[in-house]
Amino acid sequence: MAGQQWANFLEMRIQSSTVVTLVLATCLASVALAETKKEYRFTVGPNANVSVDTLYGAISVRAGSSTEVVVLATLKSDSVEVDQQQNGNRIEIASHLLQGANELTGQVNYEVSIPADATLNLHSSTGPLSVERLTGDLTLEGSDAAVNVRNVENGHVHVRTMRGPITLTDVRNGHVELASISGDMQMKSVTGPLVQANSGSGKISYDGDFGSSGDYKFTTHSGDIEALVPADVSADFRAHSMVGRVQHDFPLESKHSRFPVELGRSFFGSAGKAASEVVLRSFSGKIRLKQR
Amino acid sequence: MTCSDVQQLLPELLDGAPDAAFQTAFNSHVKSCSDCSDLVSDLKLITSQARDLTAAEEPPARVWVNIAAQLRAEGLIREPETVPGRPVLVPAPRQRRWSPFWLAPVAAGVLAAGAYLVSHKTTTQVAEQRPVASPVSKGTSQAPETNPTDQVATASSPVAEVPVAPPTSPTTSQKIAAKSSSESKAGGAAPEASAPSSAEDQQFLSVVSTLPASSRATYQNELQAVNADIQETQAYVNQNPSDADARQHLMEAYQQKALLYQIALDRIQ
């Protein structure tokens, strides 16, 4: 008797599972069917200006043909549309939501290839935003969007997020300005005449040699700042945390300072030929300068 | 007189030392020390330019009143009570297009207010209060006063960590909890810091209330966090009015708030 009950129970469970699976498969199929891809191509000259703006969705940009901009848009549903416009060398791509669209159905993912020297403006609330192998000016904005910039040089790199993390890797000779309210910032091999990062509660991490000449200014309110540098780094360092602690683990050459030094809360000094100037400031975060 | 003496006493000495012999020693040192001479020149230049800057950047009050009236007339800003319940994100193009635009001037206003508060504190309190050497950590704890001899510590050798004020990085919720505490402890200063933006905060919250619940909560938390940062920094500045770095942090905290407004504006548009 008990065996029969157990068999019935198992049979019911299997039937239930089957129904659930079918429903899920139907839903996934309907989503997949609703998803559409659109491709746009624009012929451009040197120094084109490309903007991509979406509320929800990822934007990925990389260098491609020097005379063409190619945009592949994947629309998650018919609740969202893509507008595209070309005025001479300026390309504007924007997705706009229709009635009833939400974060899932309003999503458009973009894969874009542009001339390497183009100026690029990206905006997505959810992101992620990723850019690589470009030499033009970049402006990337998003509230929650994770931002990844890799292997770019010579241009301005301006990034701002609300809480999205920002990662820069192999950015050379850049004019870099990063701003976030609570997003973490990670820079690896980032150099240039100006590298400025400001986060409220996010952590700022730098791994590199601070280049051969440049201004590096990292500021947080409560986030920690950590810089990992090689032994042969050539920079003038100034670090100060109003309430937090500062620490460095390799010798710095003392120099005449115009600013008062508070032991444990600030340090000054130069390393190598002091080619670059590095300023690390925090209100209550901890600042660490470490040798790689 | 040493370089350290000059650095510490420079502001007073520039205005004229009370003792003639002291002034002579100061002048003599500055003539013989190129670093201190540069420092004095820089400070004089900054002081003179700051005076010009203040005069150039402060329009009469009627200008602000007229701007506000014009923005209201054009519907770019609204009174707080008219906003709740308005379907900002409904498809009606006019409402969706114009409702959040007040955020742009408000973001600028936040920065202007921050700049004003920072400069106002500088001009009024530097003269009234003596600098406090020890920073005040959040909450109730207060760091020990810095020994003047520490001021000339060198960086020639690796610096071991020195126990100082609690170095904890507060989370958002800790900041929010600390906000009410700091308000009561900072006396009249904290309300002064938040007063210029409280109405804007209400409008900000009204607008973001039209967003999905998860986004709304995020914006609310971030707003509270930046407000807590502003108040925390303001309290520090109040106790250390001559600390330029603290004032810079205060300005940056206001910039963070302006950034939040700007991001919200982009999100809602």
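A:Thr167 stands opposite A:Gln186 in strand 15 of chain A, where strands are DSSP runs of E of at least two residues and helices are runs of H or I of at least four residues, both numbered from the N terminus. This is a predicted model, in which local features need pLDDT of at least 70 and side-chain atom pairs count only at pLDDT 80 or more, while totals for chains, interfaces and linings use all residues. Residues are numbered from 1 along each chain as its sequence is written, and chains are lettered from A and ligands numbered from 1 in the order in which they are written.

The strands around that position, strand 13 (residues 166-172) and strand 15 (residues 185-190) of chain A, run parallel and are joined by five bridges; two strands count as paired if DSSP finds at least two bridges between them. Both belong to an open sheet of 12 strands in chain A, with mixed pairing and the order 1-4-7-3-9-11-13-15-17-19-24-21. Its edges are strand 1 (36-43) and strand 21 (246-248) of chain A, each of which pairs on one side only, and the twist averages 10° from one strand to the next.

Elsewhere in this order, strand 3 (residues 59-63) of chain A pairs in the parallel sense with strand 7 (residues 108-114) of chain A over five bridges, and it also runs parallel to strand 9 (residues 129-132) of chain A, to which four bridges join it. A:Ile59 has a bridge partner in each of these neighbours, namely A:Tyr110 in strand 7 of chain A and A:Leu129 in strand 9 of chain A.

Chain A as a whole has one helix and 24 strands. Of its 292 residues, 50% count as buried, that is, with 20 or more other C-beta atoms, placed from the backbone, within 10 Å of their own.

In chain B, the axes of helix 9 (residues 213-239) and helix 10 (residues 244-268) come within 9 Å and cross at roughly 165°, the axes being lines fitted to C-alpha atoms over the stretch in contact, with angles running from 0 to 180 degrees between N-to-C directions. Helix 9 of chain B is therefore roughly antiparallel to helix 10 of chain B, a term for angles over 145 degrees. Residues of helix 9 of chain B that meet helix 10 of chain B include B:Leu223, B:Val226 and B:Ile230, and those on the helix 10 side include B:Leu250, B:Ala253 and B:Leu260; contact requires C-beta atoms, placed from the backbone, within 7 Å.

Key
Parallel < 35°, antiparallel > 145°, perpendicular 65-115°, else oblique. Contact = placed C-beta atoms within 7 Å. Buried ≥ 20, exposed ≤ 12 C-beta atoms within 10 Å, placed from the backbone.
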